[in-house]
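Colleague: I have some time to go through this chain with you. Could we start with the backbone and then move on to the packing?

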Amino acid sequence: MNGFMFGFCACLLSAMLWPSLLPAPLIPVVILGALLLAKISPLLSGGLSALAWISSFGLILLPSEALQLPPSVSIRGEIITLVDRNSDWVSLDIALINRNLILAHLPLPRPKLRLTWRDPPPLAPGQIWRLELKPKGLSSLLDQGGYNQQKHLISQHIIARGRVIHGELLLTHTSVRQAWLTLLLPVLRPLERGDILLALLLGDKRLIGAQRWQALRQTGTGHLVAISGLHLSVVAAWVYALALWFGRLWPSQGRRNLLIALTLAAGSAWGYAYLAGFGIATQRALLMILLLMLLGALRRFSSPWERLLTALFLVLLISPFAGLSAGFWLSFSALAIILFSLQSYPHAAQLADADASAHADASAQTDPGIATRVGLWARQFWAVQWRLSLGLGLLQALLFQGFSLHSLWLNLLLVPYFSFLVIPLVLLVFILWDLGLAFGQDWHWLWVLADASLQPFAALLAFSNRLPAHWLQPSQAMLAAAIFAGLGLLFLLKARPSAHAGWPRWGWHLALSVCLLPALLSLWLTLYPIAQVRWRVHLLDVGQGLAVVVEKSGRALLYDTGAAFGDFSYAERVILPFLSSKGLSALDYLVISHGDNDHAGGARTMLAAFAEARVISDLPEFGQINCRPKRLAWQGLSLEIMGPAQAVAGNNGSCVIRIGDERQKLLLTGDIEADAEQALLAGGAQLHSQVLIAPHHGSRTSSSPAFIAAVAPELVLFPAGFENRYGFPKVDIVQRYRALGIRALSTGEAGQISVLFNRDKRVVSGYRADLAPFWYNRLFRFGETPKPE
């Protein structure tokens, strides 16, 4: 059975790297193969079963092709959660009840939609609505280093988006958890640390603001406010210990007291998991705890690794898309690191031997004593914590493009503090407050006490901004080198005389040396960079906006910055993470083509991050170098500013720049329209370029035939958001280029588009098709409607 479960889990987790799922006709064949191999090779049988299961799940849940739907459709659904509120817009997730948008019959879990609703009536989870909405396919911004929201949505079984046009409330169904949430929100919202209290109690993080999230990330303490293994284990351990202690007050009942204690501990863990909403991390922890208690009650031995494998198998069986969630990897990786640390730490064995000797001979003085016990457990706690900080730090950097250097010492302080004080106190206050309500008493003052217990934690979070190097964002190359170095550290531990077996020490040392080579090479290239002939252009996916990064020899030029809306900025969400992931720490030039928000919205954000950047623009608040025709040199490339001849407002005032070497050129045109194109031609500008960023996102007001003929590009790139409201790029404009044999790509379809220029060669890569060609990154056109014209 273990072989089958291991094969199932390994195959299903490797789906992260699959380009596609199995087509429907092959699924029965694979199932038959799994049945035939069940006795011969459980490992292979489990792998084939996983392949058939995730493919069947995806076939049922996700649309396989574009569906022709009217501009609006009517559905019935239950509100699962209110995601966000921005001004008069509300974002919410609903689970479909009336499935007229997809297949008629669908097994649980129900598919969900992510909807937006302007000026809605009062909304609450549990309400069932009949909604008329305008559907939209599932997509998200896809850029290197950026947050892949599309993958996250699929992991939550969200299969499409939509905008609500009209809604009718049909029924309100309020769960116990929702009732508590409704009662607690007005009580906790005014408290200084009420956001953390709500997250600790009900797993609801809606009150946690961006500043608090940033502090949690840069201290590596986000797991303390996400109900997971730590929280459920603390609750189960406290209830188990108290139940055994109370059991001693009555005449000894032998095994019955143990079973009662196990039952109460399991029930408390399940109740806390219910309060948390049964998230992925909570599911994993609950399964592990219940398995541990069940096997203990049945007196059946199983190793911790077997219990971990069983929990992993059950989670993936229930939700095969769980592996797309970052929380899934953090949760299971943390437990695997803990098990590895406990297994490899010698002091745990010493303490176990001492306990066994003490129980075997009560008259012998073999009890190690309190001081020795505390010392051994403290060293064991240290061994677990430094491994957790290192391992999860690397994983966090891989998942979130950054990590904290201070997570180790902060967790050494805060994990015991939460385990012995905060979590028990907060739950005790919740129970007493709930009892008070039952008897008509309002004991809200209890929450002031719970809030005070979090004051040291909040003070450390506030102090984290003043810590040196509180948040590091390594490049992808540095991160890969660090992961190999971490493997080398593991080999070094294995090379100890007490650890190696079956393989000579020199073999472990050789493996360590090989693993350290990428880190040494990365360090050498950082200290002594090599000038390169090759250069790259990256058209970033910033929705309906423009941002182009030109990269050469480890330095960068940025043309436009995407849009900004209130606290949201594409510069912060997309451009800065991209530059960090590529190791581009120097921005030499920032070009702001013109003042429209979708081009200049992130300018201040970029200048705050790169104050040394020289700005090319006609905007008086930014410009250091104007856009009058001139030629500059940058990293061995020519930088030709081609116009406009005089500063003008609007699209036709866009700064036009041509960049390239003696073999290939790139033309950047901003939002120029036909009049500006004609002015460039009349002025005798040399426009010929191999690659063109299409003017004005592919609007009909631009890309005149004469302009295209003068540029004569071989590749045209359209910066346009997926299914944007303007219908860019216009179909006839795309056809105008393609009729001339010019290859055309759009960021809305391809995600980030990167072009490598290497002398006479040119390599084009799109995020969806080349950089990350995984099945969950393709466009799901479910609900696609004709583009507006």
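Colleague: Where is D560 found?
Modeller: This is a predicted model, and in it D560 is found in the loop between β8 (555–559) and β9 (564–565).

Colleague: What is the phi of D560?
Modeller: D560 has a positive phi of about 70 degrees, although D560 is not a glycine.

Colleague: And is D560 buried or exposed?
Modeller: D560 is buried, because its relative accessible area is 0%, and buried is taken as under 20%.

Colleague: What about H696, what is its phi?
Modeller: H696 is not a glycine either, and its phi is positive, at about 50 degrees. H696 lies in the loop between β17 (691–693) and α24 (705–711).

Colleague: Why does H696 count as buried?
Modeller: H696 counts as buried because its relative accessibility is 12%.

Colleague: Which residues does H696 touch, not counting those up to four places away in sequence?
Modeller: With those left out, H696 touches N651, G670, D671, I672, E673, T701, S702 and F728.

Colleague: Where is P729 found?
Modeller: P729 is found in the loop between β18 (715–718) and α25 (731–738). A cis peptide bond also runs from G643 to P644, with omega near 15 degrees, and the place of P644 is in the loop between β14 (637–643) and β15 (656–660).

Colleague: Switching to the rings, how many aromatic pairs are there in the whole structure?
Modeller: A search of the whole structure finds 24 aromatic pairs. Among them, W180 and F430 form an edge-to-face pair, with 5.2 Å from centre to centre and 75 degrees between the planes.

Colleague: Which parts of the chain does that pair link?
Modeller: The pair links distant parts of the chain, with W180 in helix α5 (residues 176–188) and F430 in helix α15 (residues 407–438), 250 residues apart. Both W180 and F430 are buried.

Colleague: What kind of pair do F328 and F332 form?
Modeller: F328 and F332 form a tilted pair, with 5.0 Å from centre to centre and 50 degrees between the planes. Both lie in helix α12 (residues 326–344), 4 residues apart, about one turn of the helix. As a general point, an α-helix has 3.6 residues a turn, so residues three or four places apart point the same way.

Colleague: Are F328 and F332 buried or exposed?
Modeller: F328 counts as buried because its relative accessibility is 1%, and F332 counts as buried because its value is 8%.

Colleague: Which residues do ring pairs link into a cluster?
Modeller: W53, F57, F321, F774, W775 and Y776 are linked into a cluster by ring pairs.

Colleague: Back to α15, at what angle do α15 and α16 pack?
Modeller: α15 and helix α16 (residues 445–453) pack at an angle of about 165 degrees, with their axes 9 Å apart, which means that α15 is roughly antiparallel to α16. The crossing of α15 and α16 is left-handed.

Colleague: Which residues make the contact?
Modeller: From α15 the contact is made by Y417, V422, L425, V426, V429, F430, L432 and W433, and from α16 by L446, W447, L449, A450 and S453. By class, the contact of α15 with α16 has 12 nonpolar residues, 1 polar residue and no charged residues. F430, one of the α15 residues in this contact, is also the partner of W180 in the edge-to-face pair.

Colleague: How many residues of α6 are buried?
Modeller: Helix α6 (residues 194–202) is mostly covered, with 9 of its 9 residues buried; D195 is included among them, along with residues such as I196 and L197. α6 is followed by G203, whose phi is positive, near 65 degrees.

Colleague: Last one, where is the place of F578?
Modeller: The place of F578 is in helix α20 (residues 570–581), and F578 is buried, with a relative accessible area of 0%. Leaving aside its neighbours within four places in sequence, F578 is in contact with Q144, H538, L540, V549 and Q752. F578 and Q476 are 102 residues apart in sequence and 10.0 Å apart in space, C-alpha to C-alpha.

Note on methods:
Residues are numbered from 1 along each chain as its sequence is written. This is a predicted model: local features need pLDDT of at least 70, side-chain atom pairs count only at pLDDT 80 or more; totals for chains, interfaces and linings use all residues. Side-chain values use heavy atoms; hydrogens and water are left out. Helices (H or I, at least four residues) and strands (E, at least two) are DSSP runs, numbered from the N terminus. Buried means under 20% relative accessible area, exposed over 50%, partly exposed in between (1.4 Å probe, protein chains only). Contact means heavy atoms within 4.5 Å. Rings of Phe, Tyr and Trp (its six-membered ring) pair if their centres lie within 6.5 Å; planes under 30 degrees apart count as stacked, over 60 as edge-to-face and the rest as tilted. Axes are lines fitted to C-alpha atoms, for helices over the stretch in contact, and angles run from 0 to 180 degrees between N-to-C directions. Angles under 35 degrees count as roughly parallel, over 145 as roughly antiparallel, 65 to 115 as roughly perpendicular and the rest as oblique. A crossing is left-handed if the near helix is turned anticlockwise from the far one by less than a right angle, and right-handed if clockwise. Ala, Val, Leu, Ile, Met, Phe, Trp, Tyr, Cys and Pro count as nonpolar, Asp, Glu, Lys and Arg as charged, and the others, Gly among them, as polar.
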